[in-house]
Amino acid sequence: MLFGSDNWAGAAPEIMQSLEHHSSGYAVAYGDGDLDKRVEETFCDVFETECRVYFVGTGTAANSLAFASVMRPGGVAFCHAEAHMTANEGGAPEFATGGGRLCLVDGELGKISPDALSAAVAGYPQHFNHLGQGTLVTLTQSTEGGTCYSLEELSAISAIAKQHGLALHMDGARFANALVDVGCSPAEMTWKNGVDMVSFGATKNGCWCAEALVVFNPEIAKEAEFVRKQMGHLFSKTRFVTAQFQAYFEGDLWLKLARHSNSIGNALEKMVSQSNRIRLAWPSKTNQIFFIAKRSEASVWLEAGARFHPFPTPRSLVEEVRPDEQVYRLVASYISTQADVENLSRVIHT
């Protein structure tokens, strides 16, 4: 019944075996080893294009590196009002840019509204130095609300970014979960739809500590090389990150793990939808499921051993959540099971 976070799950056996295999002997440091280069080539194969890969230790570092790599004087990044970038990064993106700002954009259930984005960008007209310069649009796939942008929705956001000369970044902390839900290729979900760079997360999907900023735009790559060093995320023993990615991609392990966690998420959603004690907050096909329950009852279930967390109520749901209720989040991981879902259901409905 441990649905607190996919960060709680340990590393997959294949990941640990690869780490152990590459842990002995010598390897060239700072990302210049044979393994590091092979894994970069694998990323190019996965995304069907030449790209530069900057391995880092956390998703926060990847997101901050993305913003800092396109920073200009008075720079502004446009993100969803409830995005991880603004709500849960502790000010890291602003810190890494030395004064960059985040402009919050509305949209239902974690997805930026194209109309709201256009209005926000218009608030920073070019050549008016009193307001600053738009530099970046960043979107999350899958979103904080467990939803996913369709390819058509991505295209609409991309068109606005390109129209105004803004770089487009994708926060892909749960990239694999989104990919198997949308049902497209990594290329179609990124550079073929105008994405310049993606924070490619693997830690939540079976790795121990494996994140990367994948850059498709060569001009941005020139800056990222130096900014990563300034941020302290150029690891000397990069092989301990790339060893994880080697196993992650081998035999499509990354997709297998994501399909499993999404399937458990679907089972959780079905359980919630059929319940007479709790109700589904909104539909989600990924591994994050959200429900509404009375706080008093949720406390009882937590005391009984269930693990989940309260979630900030999205603006669009304010009128649907009563004063004595709370939105809660369930997160399935690659090691979650159907038995876990059944045990949680039993606790809730006892």
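Biologist: Why is E153 called partly exposed?

Modeller: The relative accessibility of E153 is 32%. Buried means under 20% relative accessible area and exposed over 50%, with partly exposed in between (1.4 Å probe, protein chains only). The value 32% falls in between, so E153 counts as partly exposed. This is a predicted model, in which local features need pLDDT of at least 70 and side-chain atom pairs count only at pLDDT 80 or more, while totals for chains, interfaces and linings use all residues. Residues are numbered from 1 along each chain as its sequence is written, and side-chain values use heavy atoms, with hydrogens and water left out.

Biologist: What makes the contact of E153 and K111 a salt bridge?

Modeller: A salt bridge is a side-chain nitrogen of Lys or Arg within 4 Å of a carboxyl oxygen of Asp or Glu. For E153 and K111 the N to O distance is 3.1 Å, so the pair qualifies. By this rule the count comes to 9 salt bridges.

Biologist: Which parts of the chain does the pair of E153 and K111 tie together?

Modeller: E153 lies in helix α7 (residues 151-163), and K111 in the loop between β3 (101-105) and α6 (114-122). These parts are 42 residues apart in sequence. The element names follow DSSP runs, numbered from the N terminus: helices are H or I with at least four residues, strands are E with at least two.

Biologist: How do you know that K162 and D196 form a salt bridge?

Modeller: Their N to O distance is 2.7 Å, which also meets the rule. K162 is in helix α7 and D196 in the loop between α8 (175-182) and β6 (197-201), 34 residues apart. K162, at 40%, is partly exposed, whereas D196, at 10%, is buried.

Biologist: What can be said of E325 and R322?

Modeller: Their side chains meet in a salt bridge of 2.6 Å, N to O. E325 has a relative accessible area of 3% and is buried, while R322 has 46% and is partly exposed. Salt bridges that share partners join R279, R322 and E325 into one network.

Biologist: Which residues of P186's surroundings does P186 touch?

Modeller: Not counting residues up to four places away in sequence, P186 touches V46, F47, F175, L179 and W254, where contact means heavy atoms within 4.5 Å. P186 lies in the loop between α8 and β6. Its relative accessible area is 11%, so P186 is buried.

Biologist: What is noted about the phi of Y30?

Modeller: Phi of Y30 is near 60°, a positive value in a residue other than glycine. Y30 lies in the loop between α1 (13-21) and α2, and at 44% is partly exposed.
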